[in-house]
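I'll jot down what I look up, in the order I get to it.

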Amino acid sequence: MRVAERIKNDAGKSPAAIAGPSVPTTGSGSGRKRRGVNREGLEAGRRSTRTLLWVLLAAAMVLYGFPFLYLLFTSFKTPIDTIAVPPTILPKEWTLENYANALGRSGVLASFINSIQTAIISTLLSLVLAVPAAYGITRYQTLSGRIFIMAALVTRMVPPVAIGIPLASMMASMGLADTPIALSIAHTTISLPLSIWLMSSFFEAVPKDLEEAATVDGCSRLGALWRVVIPVVSGGIAVTAIFAFLASWNEFLFALLMTAIRSQTTPVVIANFQTQFGLDWGSMTALAAVYSIPVILLTLLLQRKIVAGMTLGAVKG
């Protein structure tokens with residue numbers, strides 16, 4: 001009966017009245033506005049973060065590159081401007097006199113040849129010894145291999161001055177004093193631990209399935225290493241070679257202790273640029289600028305190999 005009475009009462013009412021009071025709802029337009037505001041806020045945050053990163057990168061580049069730029073500008077200064085107080089960054093008068101004096105001195109060309117010979121021999125020795133050592137450590141996974149690589153890293157903590165004089169006396173007793181061979185062996189002691197460590201990380205990134213497939217096809221382990229693994233880690237070998245080359249190219253202490261006249265390298269020759277009035281800063285900076293050119297060119301030429309090698313060592317295969 002109550003239902004029938006309600007139907008009679010609602011017969012003359014409108015649908016809106018029957019439905020009762022309306023409930024306010026949030027419009028779709030305000031939701032879109034809020035989403036747009038959030039998106040703009042995220043984009044602004046990303047832009048500010050990107051700007052901050054670029055500023056930090058530019059500051060790092062300035063701090064890292066300023067010493068070299070100051071050296072380069074000093075090489076074009078006149079002798080008076082190189083010792084001016086306060087010093088100036090840009091030369092007041094540009095000149096090539098320092099380059100003429102530096103490259104015209106006796107023994108400079110020979111020191112360049114000695115540096116190239118020593119760096120190449122040291123790099124080859126490091127690669128010949130580091131590649132099989134790192135391959136054996138990573139593939140056989142023995143306790144002695146792990147101890148060996150840790151011991152190799154510990155040797156990097158020994159200051160070169162502690163072993164420089166014993167090495168020099170050993171080379172002299174073997175009749176190798178003042179020769180590029182003796183200096184190359186000494187430089188190998190510096191670059192070999194780092195070379196083994198780098199090559200180990202690169203070999204670990206190569207899947208063992210590649211070698212197993214090569215052995216199924218009839219290759220020996222040595223053949224699989226030479227034909228399959230070495231081409232895969234060629235980028236890592238290039239990275240290791242550059243580090244070994246730089247370690248020999250820039251080394252000064254061993255070159256000072258083990259060379260006299262015949263096998264002096266360019267860093268030692270640069271340190272000997274001294275006159276009766278003091279150090280010849282103009283000639284020193286000019287020769288240092290020229291000496292840095294081969295390394296810069298080598299790095300630019302092998303840039304792709306360096307990136308490929310670093311990527312290989314960072315990603316597990």
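How many cavities of 30 Å³ or more does the structure hold? I find one. Before going on, I note that this is a predicted model, in which local features need pLDDT of at least 70, side-chain atom pairs count only at pLDDT 80 or more, and totals for chains, interfaces and linings use all residues. Residues are numbered from 1 along each chain as its sequence is written, and side-chain values use heavy atoms, with hydrogens and water left out.

**Entry: the whole chain**

I counted 16 helices and two strands in the chain. Of the 317 residues, 33% are buried. My cut-offs are under 20% relative accessible area for buried, over 50% for exposed, and partly exposed in between, with a 1.4 Å probe and protein chains only. I also looked at contacts, meaning heavy atoms within 4.5 Å. Among those with a separation of 6 or more, 74% are between residues 24 or more positions apart.

**Entry: the cavity**

The largest cavity has a volume of about 30 Å³. A cavity here is a set of points on a 1 Å grid over the protein atoms alone where a 1.4 Å probe fits but cannot get out; a pocket is an open set with protein on both sides within 12 Å along at least five of seven lines; lining residues have an atom within 4 Å of a point. Grid points are joined across faces, edges and corners, and the volume is the space filled by probe spheres set on the points.

Which residues line the largest cavity? I listed S115, T118, H187, S248, W249, E251, T265, P267 and Y291. The elements giving two or more residues to that lining are α6 (108-140) and α12 (234-249). By class, I get three nonpolar, five polar and one charged. For the classes, Ala, Val, Leu, Ile, Met, Phe, Trp, Tyr, Cys and Pro are nonpolar, Asp, Glu, Lys and Arg are charged, and the others, Gly among them, are polar.

Next I checked the largest pocket, which holds about 520 Å³ of space. It has 14 lining residues, and Y64, F68, A288, S292 and I296 are the closest to its centre. At least two lining residues each come from α3 (28-74), α12, α14 (266-271) and α15 (281-301). The largest share, five residues, is from α15. The lining of this pocket divides into 12 nonpolar, two polar and no charged residues.

**Entry: aromatic pairs**

I paired rings of Phe, Tyr and Trp (its six-membered ring) when their centres lie within 6.5 Å; planes under 30 degrees apart are stacked, over 60 edge-to-face, and the rest tilted. That rule gives eight aromatic pairs. The F76 and W94 rings have centres 5.6 Å apart and planes at 50°, so I call this pair tilted. F76 sits in the loop between α3 and α4 (79-82) and W94 in the loop between α4 and α5, so the pair ties together parts 18 residues apart in sequence. Is W94 buried or exposed? W94 is exposed, at 52% relative accessible area.

F76 also pairs with Y99, again tilted, at 5.3 Å centre to centre and 45° between the planes. Here the loop between α3 and α4 is linked to helix α5, across 23 residues. Y99 counts as buried, because its relative accessibility is 16%. Ring pairs join F73, F76, W94 and Y99 into a cluster.

**Entry: around that cluster**

P91 is in the loop between α4 and α5. P91 touches F73, F76 and K77, leaving aside neighbours within four places in sequence. I put P91 down as buried, because its relative accessible area is 7%.

N98 belongs to helix α5 (residues 97-104) and is buried at 2% relative accessible area. With neighbours within four places in sequence set aside, its contacts are T74, S75, F76, K77, G282, S283 and A286.

A134, in helix α6, is buried at 0% relative accessibility. Not counting residues up to four places away in sequence, A134 touches I196, M199, S200 and F203.

In α11, I noted G223, A224, L225, V229 and I230 as buried. Their cover includes α6, α9 (180-204), α10 (208-216) and α12.

Terms used
Helix = DSSP H or I, 4+ residues; strand = E, 2+ residues; numbered from the N terminus.
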